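Please consult the sequence and the coordinates alongside each answer.

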Amino acid sequence: MSYISQYQYYENGGNAPEDANWGSYQYVSLQDIVVNYELMYSGNHSLINNEERYKILFHAKRAIQELNYDAFKEIKVLQLTVSEELRFILPSDYVNWVRISYYKDGVIRPMVENIQVNSARAYLQANDARILFDQNGNAIQPQYSPLDFARITGQQPSIYLNSLSPYNGFLGYEYEGCWYFDFAVGARFGLNTETANANPTFRIDKKAGVINFDSTMANESCILEYVSDGMENGDDTQITVNKLFEEYVYAYISYQILGSKLGVQEYIVNRARKSKSALLRNAKIRLSNIHPGRLLMNLRGRDKWIK
Amino acid sequence: MINDIRNTVLAVLNKNNYGYISPQDFNLYAQQAQMDLFEDYFYAYNYQVNKENQRTSGTGYADIKKGYVEVIDFFSVTKPLIPIGPNYTQYNLPSLATTGSDYYLINKIVINNTLVTSGTTTGTLGGQNKIVDSNANFTSSGVQVGDIVFVVNLIPFFVTVTNIDSNTQLNVTPSVINNFPLDYQIYKGSTIKEVERVEQSKITLLNMSPLTAPSSMFPAYTSEGNVATLYPTPTLGTVVTCQYIRYPKVPKWTYVDLGNDNEPVFDQSQPDYQDFELFPDDATDLTMKILQYAGVSIREASVVQYAGAKEAAEINSEK
């Protein structure tokens, strides 16, 4: 990508969208990566020659995918309203989630992942529990499993300390310095911190491509923070990589090609591997952006008294 | 050069009354010899690359490879390819009919699909390197220096904008534009994409993979017969350009009639006259090659042996 004028940068040359080039200088495009690699690392006098461009392209994209999974820290955020069926369909470029929150009364409240299963598939069964099949031999499925039905209709209690807890709203009373609760069985001794959260809970069904929530999330606003693989839905023109990782991508391509090429000495493959690993480390350190200003901010918390 | 070589060949052949070759035979041998040497350039180039990799080749005047590159580039041609049918998927590969010359080797195919403007020329200027269109406004259209002008002629060609003379006139790289009206299309020069050649055995697999499927940024092509198929199908109005190495023109020693000593007299003013296209330093090799063919023709083994030995010695000395 060529350098652009300030007018192009700030106002996209008067075209829409105006913000098309904002921050673009941090990134190098996939096209630049491939072209630079072919020019500088591939050729008659290089370790790598006679390689098709599509191989270089493949490894470049793979490197970008790997970087997107963790090193980039480029979190995408999507806010949607959860449906009556308590589902949030995962975004089309979703790979993994970072944090899921619900947004209410102007406050973002992080949710916890339910440690219990909250959705299941079911088959229709006869009275003697035999599975019913259709004429094609497939098991007949109900719209909802009993588990899902209970969850969606708000009949499923929660082990979490939210509004679905069986003990939610129970009042206790004090007698001679001790608190007592009208629990059905025994009394609550201590607190299970794992489930001590008042927010709604969720569980991700990866294969189904949805996030299933408990019934308190119906029609509530949900914020999903997630990572993608950087492939921009297959639009090669939009794929970019942070410049801090540019050299790593070149090293990764070299390593992958040398490692799979016949007759390359092991020491050369090793050199490429070390170079790749070292450059990844360097780039991660650079991207972590540790500088005095940030350290100072963290260290200021030192003097706070913890009761 | 062709007359000098013919004279030398005849001089060697006539020595000891070995024999004589007619102009027709000479022209046949000359064509063959030129093709032999032309192909040798590519092998010699590769040999020099290997020598460089072995660090037994120098730079500056010792850079032998550079000489081969220059010779090969002499035969380089860049021409637009003609689409077959209206869908812009398939294109005719270079040929005498479509680009003016057959190709020996396709070096690259590029596409350009950012159309800036198009129109029809309304005149010409003396320098013949002008695009004149009184109906155009090249400035407001966004035409810039470096943009590519695709001119639709009998054999289409393209030129590059070197200056915007006015709203209605462009200065372009030298080319013969001496008739009008000619349709033209101007493309953004900076948005060019190279199309990768892909083997037939790979293209199906490539298209199946989301990571490697050809895209508008990384397009690909396969060839079948004299047709190139582009992936993905270029958008309407895309200009596809090919840079290739053409075959050398067929040499032809022409003559008028027989002279006083019953010999054909060289005449390079004949319309079908064609000199060798190889460089002068190949004259010796050409002579030896032709001598070998002539020696076989007149069944003189000693001529073949002599020429063969000389050629081998020449090749060795150039390594």
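A salt bridge is a side-chain nitrogen of Lys or Arg within 4 Å of a carboxyl oxygen of Asp or Glu. The model discussed here is predicted.

Q: How many salt bridges does the rule find across the interface of chain A and chain B?
A: The interface brings 16 residues of chain A into contact with 20 residues of chain B. Polar contacts occur there, with 10 residue pairs counted at pLDDT 80 or more for both partners. Under the rule for salt bridges, however, the count across the interface of chain A and chain B is zero.

Q: Which helix of chain A gives the most to the side that touches chain B?
A: About 1600 Å² is buried between chain A and chain B, 58% of it on carbon and sulfur atoms. On the side of chain A that touches chain B, the elements giving two or more residues are helix 2 (30-40) and helix 3 (53-69) of chain A. The greatest contribution, seven residues, comes from helix 3 of chain A.

Q: How is the aromatic pair of Y3(A) and Y25(A) classed: stacked, edge-to-face or tilted?
A: The search of the whole structure returns 24 aromatic pairs over all chains. For Y3(A) and Y25(A), the ring centres are 6.2 Å apart. Planes under 30 degrees apart count as stacked and those over 60 as edge-to-face. The planes of Y3(A) and Y25(A) stand at 40°, so the pair is tilted.

Q: How many residues apart are W253(B) and F266(B), which form an aromatic pair?
A: The rings of W253(B) and F266(B) are stacked, at 5.6 Å centre to centre and 20° between the planes. W253(B) belongs to the loop between strand 14 (239-246) and strand 15 (255-258) of chain B, and F266(B) to strand 16 (residues 264-266) of chain B. The pair therefore links distant parts of the chain, and the separation is 13 residues.

Q: Is F266(B) buried, partly exposed or exposed?
A: Buried means under 20% relative accessible area and exposed means over 50%. W253(B), at 2%, counts as buried. F266(B) has 23% relative accessibility, so F266(B) counts as partly exposed.

Q: With which side chain does the side chain of K65(B) make a polar contact?
A: K65(B) lies in helix 3 (residues 64-74) of chain B and is buried, with a relative accessible area of 16%. Leaving aside residues up to four places away in sequence, K65(B) touches H45(A), Y45(B), Q48(B), V49(B) and E52(B). The polar contact of the K65(B) side chain, at 3.3 Å, is with the side chain of E52(B).

Q: What is omega, approximately, for the cis peptide bond that joins Y231(B) and P232(B)?
A: In chain A, a cis peptide bond joins A16(A) and P17(A), with omega about -5°; P17(A) is placed in the loop between helix 1 and strand 1 of chain A. In chain B, P232(B) sits in the loop between strand 13 (227-231) and strand 14. For the cis bond joining Y231(B) and P232(B), omega is about -15°.

Definitions and conventions. Residues are numbered from 1 along each chain as its sequence is written. Chains are lettered from A and ligands numbered from 1 in the order in which they are written. This is a predicted model: local features need pLDDT of at least 70, side-chain atom pairs count only at pLDDT 80 or more; totals for chains, interfaces and linings use all residues. Side-chain values use heavy atoms; hydrogens and water are left out. Contact means heavy atoms within 4.5 Å. Buried area is the accessible area (1.4 Å probe) that two parts lose on being put together, summed over both. A polar contact is a pair of N or O atoms within 3.5 Å; within protein, one must be able to donate a hydrogen and the other to accept it, and residues adjacent in sequence count only if both atoms are side-chain atoms. Helices (H or I, at least four residues) and strands (E, at least two) are DSSP runs, numbered from the N terminus. Rings of Phe, Tyr and Trp (its six-membered ring) pair if their centres lie within 6.5 Å; planes under 30 degrees apart count as stacked, over 60 as edge-to-face and the rest as tilted. Buried means under 20% relative accessible area, exposed over 50%, partly exposed in between (1.4 Å probe, protein chains only).
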